[in-house]
Amino acid sequence: MKLSRRDFLKLSAASAALASAGCSAPREPIVPYAMQPEMTLPGVPRFYASAASFVGAAEGVLVESNTGRPTKVEGNAAHPGSLGATSVHGQASVLQLWDPERSQAPRRMRQPAAREQFESELNEALVRLEARRGAGLRVLTPTVVSPTLQSQLVELAARLPEARVHRWDPLNRDATHEGARLAFGRALEPIYRLEDSRAVLSLDCRFMEDEPGRLNYIRQYARSRSPKPQSMGRLYVLESAPSLAGAMADHCYAMPLAEIERWLLAFANAPAADRTMRAIADDLKKNRGLILAGEGLSPWAHALVYRLNHELGAPVALIDPIDPYPQPHAQSISDLAQAMHAGEVELLVIVEGNPGYDAPADLDFAAGLARVPLSVHLSLYDDETSARCTWHLPATHYLEHWSDARAFDGTAAIVQPLIAPLYGGVSPHEIVSLLLRRPQSGYESVRGRWKAIDWEAALRKGVVENTAFPPVKAALRTVALPTPKEPAAWSVRLVPDSSVLDGRFANNAWLQELPRPDTKITWGNAALISADSARQLEVESGDVLEINTHGATIHVPACVVPGHPEKSVTIALGYGRARAGRVGNGAGCDAYPLRLSDSLWSADATSIHKTGSRQALATTQNHARMEGRGHAKHIALADLIGQARAFEDETPEHSLYPAWPYDSYRWAMSINLNTCVGCNACTIACQAENNIPTVGKDEVIAGREMHWIRVDRYFEDRRTLFMPVPCMHCENAPCEYVCPVGAPVHDSEGLNLQVYNRCVGTRFCSQNCPYKVRRFNFLQYSKDDEPLKAQKNPEVTVRMRGVMEKCTYCLQRITRARIEADKENRRMRDGEVVTACQAACPAGAIVFGDLADEQSQVALAKRSPLKYDLLAELNTRPRTSYEGRVVNPNPELDNG
Amino acid sequence: MQVFSPVAVLFLKIAALAGVAAITVGATALYKFLPAPGGEVSPAQPIPFSHQHHVGDDGIDCRYCHYSVEKSSFAGIPATQVCMTCHSQLFTDAPVLAPLRESARTGQPLRWTRVHKLPGFVFFDHSIHVAKGVGCVECHGRVDKMPRIRRVASLEMQWCLGCHRDPAPHLRPPAEVFDLAAPRPGRDVQDGLMKTLHIASVRRLTDCSTCHR
Amino acid sequence: MAELRGDIAAPLRRWSYASVSDKIADLVLTRPAHWPWLAGFAVTFAGSALFFGAIAYLFVKGVGIFGINIPVAWGFAIANFVWWIGIGHAGTFISAILLLLRQKWRTSINRFAEAMTLFAAGIAGLFPILHLGRPWFFYWLAPYPNVMELWPQWRSALVWDIFAISTYLIVSLLFWYAGLIPDLATLRDRATSRAKRVAYGLFALGWRGEARHWARHESLYLLLAGLATPLVVSVHSVVSLDFAICIVPGYHSTVFPPYFVAGALFSGFAMVLTLAIPMRHFFRLEDFITLRHLENSAKVLLACGWLVAYGYFIETFTAYYSGDPYEIAMVQDRLAGFYAPFYWFLLLCNVLAPQVFWWRRARRSVWLLFAMSIVVNLGMWTERAVIVIQSMHHDFMPSAWGNFIPTAWDWTLLLGSIAFFAFLFLLFLRFLPAISISEMRELVHEEKHA
C-alpha cells in the first residue's frame, strides 16, 4: 500500500484496519478509442428513440446512451403509448439489460452447447417436417406486437400449412376480444377517450396499470381532473381488487367479480331500481358517460358494456386488435397442450414467454413439454421453461435488437438497438427466419417490412407516421345474457403484479424493492384481504393463510387492506419463481396453481384458513392512518368553488433566521396530488437516474430502504390518498444547522445540498428532518458488480457506506443545463431542467423550475388555490409544495 | 533513600524534551515527504509522447488531439487513428512508436496512464472553463515545454478554490485560451472579461454544488 | 471549616498517621491479589476483549450491524454515551464541589470517585465515534487547517460536545493526578522492589513533601477544583443540547440541561455506591468509608430522584400546556405506545424506588443500598434509551414511523463497555491508592488534636 498524505492523516486518525479500506488508488489508465466512432463525444450522453412492450402494446422510449452504454430510459412525447411518460417497467428495463444473470449461452439439456449444433439439429427436423408440410411443427409466442414478426409468422404458415402458431400471454386480452366477438362478430379493441367524458364508470378495469394504453389513459385521466365545475370529470369504480383507479375514484365500490357482473346486469336491465345505479346512470347519460370493462369480467359482460357504451354514445373507438390472432390465448394454449400430450408435436419453438411457469394449471404444460422430441425455448433467462426444453437460446433484450412494435392504438415504432448483444443473443425475427430456412438478420427483416417509409425520420421520431389503426364501424348484435352464477363463499382474485407483471421481472431488484402502490409491500406478494374478512378468519397481516381451490393448495401471508372486497382475497401473479435468478428466486408465493384455462382471473376457494405460521411482510410504510395530521390534503369540488385558498397557510410569519439572499435562480417543485395516481414511476425513475442502490428484503424490514422520493399512501375518509414525498429543500432546513461538519448546506440557488464526500455519518440531519426523506448507507449497499455498474449514471456520485444521501432535485441535470446556457451566455429557460421524477410521471403531476421566473410552470403552480406546504407550521418553508386533491362526488350519492 | 540521582533526573528531563521535539520533527518530515494526493506527478507512459515536440516545435493546436475540450466535460484523448494521420507517413518505423502501430494493426487501444486524476465525487467540466476564458496553461502549465507530461497543479480543493474565489486574475480573451505562450492580459482587461463572459457570482462559484453532486 | 460528625470521626480516632498509611498503601504494595479480585479481573478482561472485538467488527461492516434505521437513526450507542458521561459526573462533583464546600467527609471517597469519572468519561467519549458512519473521519469534527479549507460547523451541538467533553476529560485527569502526587511519593518510598520505586518515582515527579511542595500543591489543587466545578454543570448541559436543539418532539425541550445534570449526578452517585460498597467490603475499609458516607450518598440519591422526577413531570406538562399536537402525541406514545413498558420501568427505578431512603434503616442497610444503586443505574440507562429512541420512532409523519429493535451487537457494545469500565477500575485498585493517604493523614491528625 502506497502511503499518501490523506492516508497518513487517516492512519494517524483511525486504526490501521480502517485506513487500509481507503488506501490510495493504483495507477488509473485512460483508454482512448482505437477507431473513433462517429457522433460520439465522451462525457456527452446521446438519446435514441425506440419502443418497449410490457402489457401487450408498445410504449415509446428515448434511451440515454453514455459512450455506448444504455443507462436510462425516458418517455417519447411523440409516441401515443408514452406521451413522454414511462412506466415503472420501462424504467426498470435498463437494469434487466445489464442483469448479470441473463442467460449467456445456448444450452442443450441444460448443458452449454454450440449454436451451430442447434442450427443443424433444427434444420434436420425442419427437413423432416417440411416433407409433411409442417405437420408436427408448433410455434408458441406471447402477444405479438411486432408487425414484422406477424408477417414472418404468416409467411411461415403459408410455407408450412400444417404447422401451427400458438399464442400464450398471461396478460392476454381474451375477455375483451371475445366480448367483441359476441357483440360485433369480430375481435375488436376499445380505445377510450377518457378526457372527452365527464362521467366514467370503470367495471374492474385496471386501466392505469394493466391495459395496453395505460400511460395514455393516466394522462387523459389527469387532464380530465382540472378542478373546474364545468369541465371536471367524475370517476366511478367497481373493483374486485385494489387498483389505482379505485384509489383515485370519486365513488369506489369494492365487490368480488361475480358481484360486479350481477351489478352490471341489474344496471343494464333496471337502473331505476337502485338509488346508486340510478344516480350513476343519470350522470352517465348527462355527461357523455363512458364505461370501461376489465379483463376479469366474462365476455358477455364485455359485450353488454359495448352495447351500453353504444347507447350512451360514449367516447370510445373500436379498432382491430394490434395482434390479429384469431383465437383466444387460453384456447390456443389448451390446443397446444392437448397436441403435446397426444404426442403430435415433434418440434416446438417457444419464442419468448415462460409457459413452463405461467401456463394455466389445468393443462399440465410441463408434462406435455416432456413429450416433445425437440423443443426450443428462446428467452432472456434460463428459466423454468428453458429447463424443460431440449434447447435454450439466449434472447436479445429490446435494447439489443432491431424490431418494431405497435402502440395500443396501432401506431408502429421501430425498435432500434443501443448496444450489440451482450451475450450473442438471438432475436425473435432471427429464429423465425431460421424456421423459414431463410436466415436473415433482424435488421433485414424489419427493414424489409418497412420499405415504403422515411426510415431515418421514423428512427429519429420514434414513431412511423400515420400507422394508427382507423376506427372500425361494427354493427351490434343482440347478446343472450346469462343468469349469472351464484358467487362462491370465498373467491380468489388473481391480478398481474404491479412490479413483476406475470413474473418476467422477478429478477429485477429495482422492481422487487419498489413498494406496491396499494400495500407498500416489497420483495413478494400477499393475500390481500379486507379488515372484516380478516377478523372472520382471525388473521392479521403476516399470518400465513392456506388457500384451497379445486385441486390446488397454496400458502401465502395475509395482508389486511382497508376497502378490499369481503369474502375474497387478491393475490398477485408472478412470484414464487424457481429459476428466476438470485434476486427473484423464492420471492413471494406462486399463485399460478390456482389459475385455470377457463377462469384466468379468479378462482373459487373451497377453504381458507390460517396455518399459524407467520411471514414478515417487507413493507416500506407501516402506518396507514394520518392521525388527523392532514399531510395529504383533499377537498370536494363543491367546497373549492369561489375559494382563494383551499387550505389555510399555517406558516408562521416570522423566523429567527434571516432570509437567504438569492441573486439568480430559485429552484422549486410542485407536486399535484389531484392528478398523481400513485403509480411509483417517479420513485423508480429517480432510482435509475441517481444510482440509488437496492438493499434487499431484510434491510427493508429493518426500515432502511433508500428511495429518494417515496409515495406515501394513507387510508382516510374511506379514500386512498397518495402523496409523493421527496426532499423539501427547506429555506430553514433543520438538517443544515445540526451537522458538525456542514455536509448539508444551502446553496446560492436555494438547493439544500448533501455533500457526500464531507459527510461523516452522524445522522444528526436525519434525526432532525421532520419529513424523514434522508436516506443513510447503513452498510455498503452500492456494489460495483460487472456488468451492472455499466448502468450507473456517470454524472452522479456512487455513495459509499456510512454516508447520508437524499433528493438533489437532480442537481446533475441542473448543472448540465446551466453549463450549456452559460456557454451561450444566457439564462436557463423554463422547462430546460426536467427532473427524473417529473419526466417519468404519466400524470404530469410534478412540475419543477425557477421561482425567480414569475411565468415559470412552477411559479404558476405555487399560485394555485390548492397549493399548500407540508408541515408548514414548523416554519421550514419548503421549496417543494403540494397542490391538494380535489374530489368530485356525486351529490346524489352519500358515500363520498 | 533516593531512587533517582540528580544526574538521572537531569537525564530524564532532557529525554522528555528530546522526545517531544523528535515527534514534532518526525511528523512534519513525514508529512512533507509523502507524495501529494493525486498520484505521481509525471508517471511513465506506454509511448514517451513529447508535448514539447508536438505543441512547441510542430505547433499543433491542443484541440487537434483533445477534440472534445470545448464541447464536453472530458477533454478527449486522441484515438490511434488520429495519431496515424501523421505517423502513417512520419517515423513509420521508429521503435518508440511500436505500441502505436500495434494498436493500429490490432485495433486494441493504447492504455495511457492518467496524470490529472480527480476523486470520483468531483465533477470537473473542461468545456465551461474553456468557454469562460480559463486558458489551458492555467492548470496544465507550459506543456509546450514539457518533453514528458507533468502535473503542475496540486489539484487539491484549496487550489480549485483559489481560482473560484477570485477568477479574474486567471482569465484571458477567448482567442488566447489555447495559446500557451501568450501572457496574461492586464487586470483591467480581465475585469472586462468578467462582465463580457458573464462569470457567475463568486458565491455561485464557491457553492459545493458547483463541483460536487 | 465544617467539623466532622461523630460517626465519621469516631472510627478515625482508632487510627494513627502510620497505621493509615500502612493500611491504604499495603492494599497496593503488599496485599496479595485475592480470589475475588482475580475472578473479577478474569471476567472483565474477557468482557473487554469482546468489547474491542465487537468494535473491530463494527469498523469492518459499518453501523448497519446495529438496530438503527430511518426514522430511529440513533440507538444504544448514543444512550450509552449520555449514560456514561452522566456517571462521569459524581467524581468531579464529590472532589471539587465538596472540597470547595469544605466537606471533609468527602476525603475517603473522592479518589476512587475521580478514577471512576475518568474511566466513565473516557468510555463515553468513545461512543459518538463508534456511532459514526465513517469513523475514520472523526477528526473532521475538530478545527484544523486542511487542504479542503473547511472548518467544523459551529452551529452544531456535536461540535460543542467535542470541546465540552475533551475539556472535562483533561481537567478531571489533571485534578486526579495532582491529588495523587503526594501518595505516589509515599508509595515510592514504601515500595520494596526497585521496579516499583522507579515506576512510582517517575510519576511522583520528585515529590519530597517539603513545605514549598505542599504550598504549591494546595493552591494547584484548589485552582483545579475551581476549574472543574463549572464543568460539572457545563458538560452535561452541552450533551443535553444535542437533543434540545432538535425540532423533534421529545428532544426539543428547554428543561433538558438542568434535567440532564440532575440525572447525571443521580447515576453518578449510584455508581459510586456500586463501586464503594464491594470495595469497602473486600478491602475492610469500613472505618474510612463509614455508614455515614453511604447514608449521605443515599440522601443525595433521594434528592436527585426528585429532581429527575420533576424533569419527567415538566416534560409531560409542557407537552399538554403547549397544545402542540405532535408533542402531545409523543407523550401519549411514551405513556402507552410501543416503548411504554420501558418508560414505566424507568419511573419505577428512578422515582418510586429511591423513596425507600426516607427511612433511616434503609439508608443504613448496606445491601439494600447496593441493590438500589444497581436499580438506579438501570433506570437511568433506560431513561437515556427512551429519550433517544422512543422520541424518534413516532415523529411528525406517520408514513415514516418505525421501530428500533436492538441487535446482538447493540447489547455487546453496552455490556462490553461496562466490562471494560470494571476492568480499568480493578487495575486502579491494584496499582494506585484508592483512598487519598495524605488527606486521610491530615484528617486523622486533626481528629487526634481535636
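Mentor: Between chain A and chain C there are 34 residue pairs in polar contact, both partners being at pLDDT 80 or more. This is a predicted model, in which local features need pLDDT of at least 70 and side-chain atom pairs count only at pLDDT 80 or more, while totals for chains, interfaces and linings use all residues. Residues are numbered from 1 along each chain as its sequence is written, chains are lettered from A and ligands numbered from 1 in the order in which they are written, and side-chain values use heavy atoms, with hydrogens and water left out.

Trainee: What makes a residue pair one of those in polar contact?

Mentor: A pair of N or O atoms must lie within 3.5 Å; within protein, one must be able to donate a hydrogen and the other to accept it, and residues adjacent in sequence count only if both atoms are side-chain atoms.

Trainee: Why is the meeting of K772(A) and D395(C) called a salt bridge?

Mentor: The side chains of K772(A) and D395(C) meet at 3.0 Å, N to O, and the rule asks for a side-chain nitrogen of Lys or Arg within 4 Å of a carboxyl oxygen of Asp or Glu, so the pair qualifies. Across the interface of chain A and chain C the rule finds 1 salt bridge.

Trainee: How many residues of each chain are in contact across that interface?

Mentor: Taking contact as heavy atoms within 4.5 Å, 59 residues of chain A are in contact with 53 residues of chain C.

Trainee: Why is K520(A) called buried, and why is N466(A) called exposed?

Mentor: Buried means under 20% relative accessible area and exposed over 50%, with partly exposed in between (1.4 Å probe, protein chains only). K520(A) has 1% relative accessibility and therefore counts as buried, whereas N466(A), at 76%, counts as exposed. K520(A) lies in the loop between α19 and β21 of chain A, and N466(A) in the loop between α18 and β20 of chain A.

Trainee: What is the phi of each of these two residues?

Mentor: Phi is about 65° for K520(A) and near 50° for N466(A), both positive in residues other than glycine. Most residues other than glycine have a negative phi.

Conventions. Helix = DSSP H or I, 4+ residues; strand = E, 2+ residues; numbered from the N terminus.
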